[in-house]
Amino acid sequence: TVPKKAGAVRKGNHVLLKGNPCKVIEVTTSKTGKHGHAKAKITGLDIFTGKKYVDICPTSHNMLEPIVTKVEWSVIDVSDPERGGDGRVSLMGEDGSLNNSLDLPQEIGSIGELNEVGKSLLEAYSSGKQVSCIVLSSMNKDQIVEWRENKD
């Protein structure tokens, strides 16, 4: 994370709200009151779960901005949970590096139930299409957020 003034946070930025990396969807500021500080009310959606968080902070104070990266990986293999697999996705980067640490994306709060991205990725891979996926990374957490078919 890197520090960022609360008064400089804008819609579309990433900030930590209640300890979670969030994409800002709304920022409102109040005027300075009797005790001096203008306050910013920042509303954001967790980039991994989609849960909404709200925080209020004086505009002169620092907040933490998480470093968020998006990387595209080629899908090598998907272990199909319906065929006895564990739902793991094997990925290869452009530099030939391998990543076997990611699971198919699941519904928030469910155990083993795939979300729309997970279902469509599994379906496309199972039908023999060459696919790659976009992995969002921040604060030592990685998650597949979208996929696309490779055009050869």
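Trainee: Which residue is the bridge partner of S74 in β10?
Mentor: S132. β10 covers residues 131-138 and runs antiparallel to β7, with 6 bridges joining them. This is a predicted model, where local features need pLDDT of at least 70, side-chain atom pairs count only at pLDDT 80 or more, and totals for chains, interfaces and linings use all residues. Residues are numbered from 1 along each chain as its sequence is written, and side-chain values use heavy atoms, leaving out hydrogens and water.

Trainee: What counts as a strand, and when do two strands pair?
Mentor: Strands are DSSP runs of E, at least two residues, and helices are runs of H or I, at least four, numbered from the N terminus. Two strands pair if DSSP finds at least two bridges between them.

Trainee: OK, what's the strand order in the open sheet?
Mentor: β9-β8-β7-β10-β11, with antiparallel pairing. β9 and β11 are the edge strands, each pairing on one side only.

Trainee: Switching to β8, which side chains there are buried?
Mentor: V89 and L91, which point to one face. Buried means under 20% relative accessible area, exposed over 50%, partly exposed in between (1.4 Å probe, protein chains only).

Trainee: And what stands opposite S90?
Mentor: D77 does. On the β9 side, V89 has L102 as its bridge partner.

Trainee: How many residues sit between β8 and β9 in the hairpin?
Mentor: There are 5, and G96 in that turn has a positive phi of about 90 degrees.
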